[in-house]
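The stops below are given in the order in which to select them.

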Amino acid sequence: MSYLLKDLYSPAFYDRLTTALTSTLPDFDRQKFLKEIFSDDFISKELKERMKHTSKVLYGFLPANYPETIEIIKKTIKELRKEGIGEDGLAYMFLPDYLETYGIDYFDESVDALEFVTQFVSCEFAVRPFILKYGDRMIAKMQEWSLHESHKVRRLASEGSRPRLPWAMGIPFLKKDPGSILPILENLKQDSSEYVRRSVANSLNDIAKDHPNLVLDFAKSWSGLSIETDAIIKHGCRTLLKQGHPEILKHYGLNDEGILLKDFKVLTPKVSIGESLAFSFSVKNENPMAQKIRLEYAIYYKKQNGQNTKKVFKISERIYPAGAEVSIVRKQKFVIITTRRFHLGDHQIAMIINGAEKESSSFDLLA
């Protein structure tokens, strides 16, 4: 029997949760809570629906006084920790949802709760409605968090304020002008936690999609500060690198002059969904000195309207000695996933060397 993500919300999960609530919530009616949780349509609910359902049911059992509720939530988390419940359990995302759903009008209390709860389960999605409602007031609080002793709170400062956080609600004013979150990134650029530093890089990558020159300025000013900041910059500039942005290519010394692409072939000109596109090529450094070579390929996926949309995939990036030649074979899977829908017919693949598209070929995608 296959396991579904929504089954995180299982009878065993609710048994652990209600055990903790029995200890922290006066007169908690465990049986009534479970009866409301396992409603007639519970089985048909997907993961997010079960999460929100749990938040809604819990609301009916907590005090009407929101500050009292926050104290009970904190005590419940402490009880869960006593019982050895691990942190960052995905099922507990109903707690951040509770804060954003029922605490949006209580700034001080909710900010305090977000700071506490994110150390148990990440509140990166829950903080965004507060940014939208309170603007600079919330951003100022997140700047404080960027100096917090807990790396999870510091990460909330950077991850929660990302202009384009995937799967989360957008924050238009940060897409338009990310200036208010730059001090957060400055505070965290040499953070001791890789978890935090990767979040900083992801925020830079978000910003690069709307303000590439701003991120190029960061790349120049942070370059060489440490191995860690260099890694942040590289990861934060990944979209610019895939776009072949001239300034970032120059920054990393990626010049395609004297780099030869040879024998590019599509090995599977007809590919069925569920199979892989196979291709091969050789690359040679004809320069009289060693050269850094970044190899990528682009798939031009056919859209429903017949036009193509380009997605770039990295193969490698390394130093090639003078005269070095390497032959490479790669495969690209065409497996159906929730974030991409394939359309049958003619597609294109193109080889990219140091940001420059060199040669392309076509292949047919079949059912």
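This is a predicted model: local features need pLDDT of at least 70, side-chain atom pairs count only at pLDDT 80 or more; totals for chains, interfaces and linings use all residues.

Residues are numbered from 1 along each chain as its sequence is written, and side-chain values use heavy atoms, with hydrogens and water left out.

**Stop 1: H1 and H2.** Select residues 11-24, helix H1, and residues 30-37, helix H2. Helices (H or I, at least four residues) and strands (E, at least two) are DSSP runs, numbered from the N terminus. The two helices pack at an angle of about 145°, and their axes are 10 Å apart. Axes here are lines fitted to C-alpha atoms, for helices over the stretch in contact, and angles run from 0 to 180 degrees between N-to-C directions. On the H1 side, show Tyr14, Asp15, Leu17, Thr18, Thr19, Leu21 and Thr22; they meet Arg30, Phe33, Leu34 and Ile37 of H2. Contact means heavy atoms within 4.5 Å. The residues of this contact divide into six nonpolar, three polar and two charged. In that division, Ala, Val, Leu, Ile, Met, Phe, Trp, Tyr, Cys and Pro count as nonpolar, Asp, Glu, Lys and Arg as charged, and the others, Gly among them, as polar.

**Stop 2: H5.** Move to residues 94-102, helix H5, where Phe94, Leu95, Pro96, Asp97, Tyr98 and Leu99 are buried. Buried means under 20% relative accessible area, exposed over 50%, partly exposed in between (1.4 Å probe, protein chains only). What covers these buried residues? The cover includes H1, H3 (47-59), H4 (66-82), H6 (107-117) and H7 (127-134).

**Stop 3: the sheet.** Next comes an open sheet of five strands with mixed pairing, in the order E2-E8-E7-E4-E5. E2 (270-272) and E5 (308-320) are at the edges, each with a single partner strand, so one side of each has no neighbour in the sheet. Two strands pair if DSSP finds at least two bridges between them. E4 (residues 291-302) pairs with E5 in the antiparallel sense over 12 bridges. Pick Lys302 to find Asn308 of E5 opposite.

**Stop 4: Asp206.** Select Asp206 in helix H12 (residues 194-208). Asp206 counts as buried because its relative accessibility is 1%. Leaving aside neighbours within four places in sequence, Asp206 is in contact with Arg162, Pro163, Arg164 and Leu165.

**Stop 5: cysteines.** Cys123, at 0% relative accessibility, counts as buried, and Cys237 is buried at 1%. With a disulfide taken as a pair of cysteine sulfur atoms within 2.5 Å, the count is zero.
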